Amino acid sequence: MGVKEKKSKQANSNQQQHQNGHFSPFKFAKLVDPDASWDKDQLGDVLHWIRQIVALLCGLIWGAIPLIGGIWFVIFLVISSAIIYGYYAMLLKVDEEDFGGHGALLQEGLFASITLFLLAWTLVYSLGHF
Amino acid sequence: MASNVFTQFKYSDSLTVVGISICTAIVCEAISWLLIYRTNSYKSLKSTIDKASKKLETMKTDPTAPKISAKKSKTKKIDRVETSLKESSRDLSLFKFKSGAVVALVLFAVFGFLNNLFEGKAVAKLPFVPIKLVQKMSHRGLQGEDFTDCSMAFLYFLCSISIRTNLQKFLGFSPPRGAAGAGLFPMPDPKTN
């Protein structure tokens with residue numbers, strides 16, 4: 001365990017070095033500040049993690065209720081994309097052309113979030129209802 | 001064994017699969033860290049790519065630069081940065097190849113092990129009927145016509161993609177965005193022309 005901790009610590013410090021420390025004074029307030037300036041990596045990371053959280057939450061809720069049928073997968077995709085779109089276009093009001101267009105921003109973390117959602121949904125459903 | 005603790009669940013095998021994939025993902029990242037990420041050549045390569053892609057971006061979006069290439073020197077400069085970026089990206093993917101091979105071997109061995117353990121057994125129940133293309137994987141090796149039965153292969157696939165991607169992201173091991181085009185699945189960039 002000690003070794004792992006050491007490793008992750010080292011990885012974190014590496015990351016901070018790579019990003020020239022502009023991630024370290026990272027403030028939570030920036031996440032909802034429309035005037036903050038974003039670079040592509042930061043915005044991509046934030047969008048990635050929002051997608052993963054939404055996917056995990058939706059998966060757990062869908063599985064616990066349980067919601068059954070392919071339509072709920074589509075509904076998850078719509079909700080998740082709507083949250084992402086609402087976040088960067090309405091809350092942050094970034095110009096999507098600076099970041100490679102709507103496609104690039106909406107694609108961020110999409111595949112990982114789909115698999116995470118399916119995993120959480122299937123697991124909770126299988127374990128909780130049989 | 002974890003499955004003994006959770007025997008009250010009908011699909012307790014799914015937890016075993018998830019647990020094993022989490023361990024595999026951690027082992028794979030540890031291997032990659034040993035072979036790549038801690039080396040100095042990787043670090044310098046990565047910072048080169050980061051710098052070059054940022055430079056390219058500022059050059060392209062510079063408002064003072066005319067859109068139509070009236071200034072030849074500007075386009076020449078962009079071309080040069082682009083070529084060096086492509087070269088560094090290629091170096092990076094070559095660099096990743098050797099650890100990729102080891103990781104693939106580990107993943108393959110774990111898959112074989114799980115295959116022996118859960119062959120022909122439904123490890124989970126899908127809450128939806130997958131499309132035909134996915135059915136091949138989700139119903140792989142299973143008897144019967146109930147397509148909501150989920151085989152180990154599909155669950156393992158879901159685990160390995162979601163856990164590994166997020167673990168890499170969390171540890172800061174994901175490939176730099178500037179090098180995205182040099183991955184296994186090169187994406188066409190409409191802006192290069």
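What percentage of the 193 residues in chain B is buried? Buried residues make up 38% of chain B in this predicted model.

**Figure 1. Overview of chain B.** Chain B holds 6 helices and 2 strands. Read from the N terminus, its elements follow the order α-α-α-α-β-α-β-α. The accessible surface of chain B is about 11,500 Å², and 65% of that area belongs to carbon and sulfur atoms. Of the contacts in chain B between residues at least 6 apart in sequence, 68% join residues at least 24 apart.

Figure 2. B:K125 and B:D146 form a salt bridge through their side chains, at 2.6 Å from N to O. B:D146 lies in the loop between α5 (132-138) and β2 (149-150) of chain B and B:K125 in strand β1 (residues 124-125), so the pair ties together parts 21 residues apart in sequence. B:D146 is partly exposed, with a relative accessible area of 33%, whereas B:K125 is buried at 13%. A salt bridge also links B:K125 with B:D149, where the closest N and O atoms are 3.2 Å apart. This pair connects strand β1 with strand β2 of chain B across 24 residues. B:D149 is buried, with a relative accessible area of 15%. Through shared partners, B:K125, B:D146 and B:D149 belong to one network of salt bridges.

Figure 3. B:K169 is buried at 14% relative accessibility, and A:D45 is buried at 13%. Side chains of opposite charge can pair when their charged atoms come close.

**Figure 4. A nonpolar surface patch with residues from chains A and B.** A:W49, A:I53, A:L57, A:I61, A:I65 and B:F170 make a nonpolar patch of about 610 Å². Helix α2 (residues 40-64) of chain A gives the most to the patch, with 4 residues. A:I65 is in the loop between α2 and α3 of chain A. A:I65 is exposed, with a relative accessible area of 53%.

**Figure 5. A surface patch of negative charge.** The patch gathers A:D95, A:E97, A:D98 and B:E57. A:E97 is located in the loop between α3 (70-91) and α4 (101-107) of chain A.

**Figure 6. The loop residue B:K10.** B:K10 is in the loop between α1 (2-5) and α2 (13-37) of chain B. B:K10 is exposed, at 57% relative accessibility. B:K10 and B:A124 are 114 residues apart in sequence, and their C-alpha atoms are 8.7 Å apart in space.

Notes
Residues are numbered from 1 along each chain as its sequence is written. Chains are lettered from A and ligands numbered from 1 in the order in which they are written. This is a predicted model: local features need pLDDT of at least 70, side-chain atom pairs count only at pLDDT 80 or more; totals for chains, interfaces and linings use all residues. Side-chain values use heavy atoms; hydrogens and water are left out. Patches are made of residues with over 30% relative accessible area and no salt bridge: like charges are joined within 9 Å, nonpolar side chains (Val, Leu, Ile, Met, Phe, Trp, Tyr) within 5 Å. Accessible areas come from the Shrake-Rupley method with a 1.4 Å probe; for residues, only the protein chains shown count as cover. A salt bridge is a side-chain nitrogen of Lys or Arg within 4 Å of a carboxyl oxygen of Asp or Glu. Lys and Arg count as positive and Asp and Glu as negative; His and the chain ends are not counted. The place of a charge is taken as NZ of Lys, CZ of Arg, CG of Asp or CD of Glu. Buried means under 20% relative accessible area, exposed over 50%, partly exposed in between (1.4 Å probe, protein chains only). Contact means heavy atoms within 4.5 Å.
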